[in-house]
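User: I have a structure to look at and would like to go through it with you. Please start with one spot, and then we can move on to the rest.

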Amino acid sequence: MTRVIGASLLGVDGVAVEVEVRLSSQLPRIDIVGLPEAAVRESAARVRAAIASVGQRFPDRRITVNLAPANLRKGGAALDLPIAIGILAASGALDPEPLQRLGLLGELALDGRLRPVRGALALTLAARDAGSRSVIVPALNGPEAALTPGVQVLEASDLGAVLRYLLEATPLPIARVTTPGPAHPRVPDLADVRGQERAKRALEVAAAGGHSIFLWGSPGSGKTMLARRLPGFLPAMEFEEAVEVTRIHSAAGLLDSTSPIAVERPFRAPHHSTSSAGLLGGGNPPSPGEVSLAHRGVLFLDELAEFQRHTLDALRQVIEQHSVVIARARTSCVFPAHFQFVAASNPCPCGWRGSGVRDCRCDDGATARYASRISGPLLDRIDLHVSVAPLAWSQIDEPSRGPSSAELRARVDACRALQQDRGSGKGFRTNAEIPDEALDRSVRATTDARRLLGAAVERLGLSARAARRLLRVARTIADLAEEEEAGPRALAEALGYRATELGSASAAEARATAADRSTADVRGWRSV
Ligand SMILES: Nc1ncnc2c1ncn2[C@@H]1O[C@H](COP(=O)(O)OP(=O)(O)O)[C@@H](O)[C@H]1O
Ligand SMILES: [Mg+2]
C-alpha cells in the first residue's frame with residue numbers, strides 16, 4: 001500500500017488528505033472510498049485517461065483508493081494528481097519513498113494537463129502542515145500557492161512533467177510570488193461629489209481609523225455616490241492581509257490566472273434582496289458569504305432598512321466577533337469576517353422626512369416601522385452616523401470644494417502609520433480595533449475631553465459601548481491632526497457623528513451641528 005499527501009477544501013480552509021492506494025488481484029476496477037463527493041468519484045475516469053496519455057500502463061488489477069480522514073467529505077478535483085501518482089507508485093512505476101514529504105494537488109485533464117484548482121493557498125498550507133517539504137501545484141496556481149511560508153512550491157503544467165521530476169529528477173520551476181504594486185482600484189473620485197463636506201470629512205475619519213459609518217438622508221442626496229468612493233482612499237493592504245483575502249477569495253473561486261493574488265481591498269455591496277446565507281455564509285458544503293468576502297475590506301449595505309430584519313440581527317454578532325461559524329452535522333467551519341461596515345438608508349419609506357425640501361408622505365407608524373427594521377443594537381455598533389442633507393441648488397451649481405480621493409489617501413496613509421506604531425506588537429492595526437483593555441492608554445483623552453464625554457453619556461443616554469466607540473473615533477480625529485492627546489475638540493467632533501436619530505432629526509438641525517460641534521448643541525439630541 002502507498003500513501004500520498006493531498007488536500008481538500010473545507011469552507012475556506014484546507015484539510016490534508018492522505019490518499020492510500022492498494023492493489024489486489026481481483027477483477028480490474030477502481031473504487032474510491034472515504035466520503036468522496038461527485039467530483040472526486042469522477043476522478044477515476046480522468047486519472048485513467050491522463051495516465052494513458054503519458055504512456056504509462058494503468059494497472060490491470062483491483063484498485064482501492066482510500067481518502068483519510070474518513071469522516072470528512074472531500075470535494076473538488078484537486079485530489080486527481082495525488083490519486084494518479086498514488087496509483088503509479090502502488091503499481092511499482094514510482095519509488096514511494098520521496099512521496100512521503102511531497103504534497104500534490106491539481107485537477108487532471110484527459111490529455112494529462114494540470115488544471116488550476118480553487119483554494120490553492122489553503123490547500124498548500126494544509127499539505128505543508130501534514131509534513132510536506134515541497135508541494136507540486138498546477139503552473140497557473142503557482143503564484144498564489146507560493147504565498148505559503150515554509151514550503152517549496154513547484155509548478156507543473158502536466159502529469160508528464162511531474163513524472164519526469166519523480167523518475168528522472170528533471171527539475172520543476174520553483175513558484176514565485178508575483179507582488180504587483182499597491183493597487184488602487186479604479187473607482188470614481190470623491191471630487192465628483194459636490195457639497196456634502198461634512199459627510200466627506202466623516203468618510204475621511206472612517207477610512208483613517210477603520211471605523212464603521214452610517215449615512216442617512218433623503219433620496220438623491222449622494223449617499224450611494226459617497227460610499228462607493230471610499231475604496232479610492234483606503235490604505236493599501238498589507239502582505240498578511242493580502243494572504244488572508246487571497247485564501248478566502250481563491251476558495252470561493254473569485255480569483256483567476258490573470259489576478260492570482262488579491263491585491264485590492266475587497267469592497268462588497270450585496271443587494272438588499274440577498275439571502276441570509278448569501279450574506280453570512282451557508283450551504284452544504286458551507287461556503288463563505290458576503291461578510292467573509294469583505295474580510296479586510298468594506299461591506300457596504302445600501303438601503304439598510306430594506307434588508308431582512310433577522311439577517312441584520314445576525315450581522316450584529318459578526319461585527320463584534322469578526323468571524324462566522326457555520327455548523328454542519330459532521331463539521332463546523334469558521335469563516336473570517338473582519339470588515340469595515342458601511343451602511344446607507346433613507347430616513348422613512350418615502351425618503352423625505354426631515355429633509356426641509358419636500359413634505360414627508362409617511363405616517364408616524366410607517367416611519368417607526370421602517371426605522372425599527374434597523375435595530376437600535378445594530379446602530380449602536382456603528383461608530384459614525386452622518387445625515388446627508390439634500391443639496392441646495394447653489395451647491396449643485398458650484399464646483400466641488402472638498403478634497404480629492406488622492407488628497408484624502410495621503411492623509412489616511414499618514415494617519416494609519418501612526419496607528420501602526422501604536423498597535424504594533426499589541427495586536428491591533430487601526431484605532432477601530434483598539435481593545436477595551438488598551439483603550440485608556442491608547443486614546444489619551446484629556447481631562448476636559450473626559451468631562452465632555454461624561455456629560456454627553458448622561459444627557460444622550462449613550463451606552464457604554466457607544467462611549468468606548470466614541471473614544472476610538474476621537475483618537476482617529478486627534479491622529480489626523482497629529483495631536484498626542486485627544487482633547488475636547490476631537491471629542492466634540494466625534495460626538496457630532498453620534499447625535500443623530502434616524503427618522504426624526506431635521507436637516508436644519510443636522511446643519512446646525514455641522515456648523516458648531518460644541519456641547520451645547522449636543523445637549524438637545526437623543527442618541528440612537
Ligand atoms: N452631492 C452630489 N454631487 C454631485 N452629484 C450628486 C450629488 N448627490 C447626488 N448627485 C447625483 O444624483 C445621483 C443619485 O445620487 P445617489 O448617491 O444615488 O443618492 P442617494 O443614494 O442618496 O439616493 C448621483 O448619481 C449623482 O448624479
Ligand atoms: Mg442610494
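Analyst: Let us begin with His322, which is found in the loop between α12 (309-321) and β15 (323-327). The names of helices (H or I, at least four residues) and strands (E, at least two) refer to DSSP runs, numbered from the N terminus. Please keep in mind that this is a predicted model, in which local features need pLDDT of at least 70 and side-chain atom pairs count only at pLDDT 80 or more, while totals for chains, interfaces and linings use all residues. Residues are numbered from 1 along each chain as its sequence is written, chains are lettered from A and ligands numbered from 1 in the order in which they are written, and side-chain values use heavy atoms, with hydrogens and water left out.

User: OK, and what phi does His322 have?

Analyst: His322 is not a glycine, yet its phi is positive, at about 65 degrees. As background, most residues other than glycine have a negative phi, and most peptide bonds are trans.

User: Is His322 buried, exposed or partly exposed?

Analyst: With a relative accessible area of 34%, His322 is partly exposed. Here buried means under 20% relative accessible area, exposed means over 50%, and partly exposed is in between, with a 1.4 Å probe and protein chains only.

User: What about Glu482, where does that residue lie?

Analyst: Glu482 lies in the loop between α19 (464-480) and α20 (488-496). This residue is not a glycine either, and has a positive phi of about 55 degrees. Its relative accessible area is 68%, so Glu482 counts as exposed.

User: Let's zoom out: how many helices and strands does the chain have?

Analyst: There are 22 helices and 18 strands in the chain. Its C-alpha trace spans about 90 × 45 × 45 Å along the principal axes, and buried residues make up 53% of the 528 residues. As for contacts, meaning heavy atoms within 4.5 Å, those between residues 24 or more positions apart account for 75% of the contacts with a separation of 6 or more.

User: Which strands form the open sheet?

Analyst: Five strands form this sheet, in the order β11-β14-β17-β10-β18, and their pairing is parallel. At the edges are β11 (267-268) and β18 (384-387), each of which pairs on one side only. Two strands are said to pair if DSSP finds at least two bridges between them. Strand β10 (residues 213-216), for example, runs parallel to strand β17 (residues 340-345) and is joined to it by four bridges, and Trp216 stands opposite Ser345 in β17.

User: Which helix lies across β10, β17 and β18?

Analyst: Helix α7 (residues 197-209) does so, and it runs at about 165 degrees to β18. For that angle, axes are lines fitted to C-alpha atoms, for helices over the stretch in contact, and angles run from 0 to 180 degrees between N-to-C directions.

User: Back inside, what does Ser292 touch?

Analyst: Apart from its neighbours within four places in sequence, Ser292 is in contact with Ile248, Val324, Phe335, Pro336 and Ala337. Ser292 is found in helix α11 (residues 290-293) and counts as buried, at 1% relative accessibility.

User: And Thr311, buried or exposed?

Analyst: Thr311 is buried, with a relative accessible area of 1%. This residue lies in helix α12 and touches Ser276, Leu279 and Leu280, if residues up to four places away in sequence are not counted.
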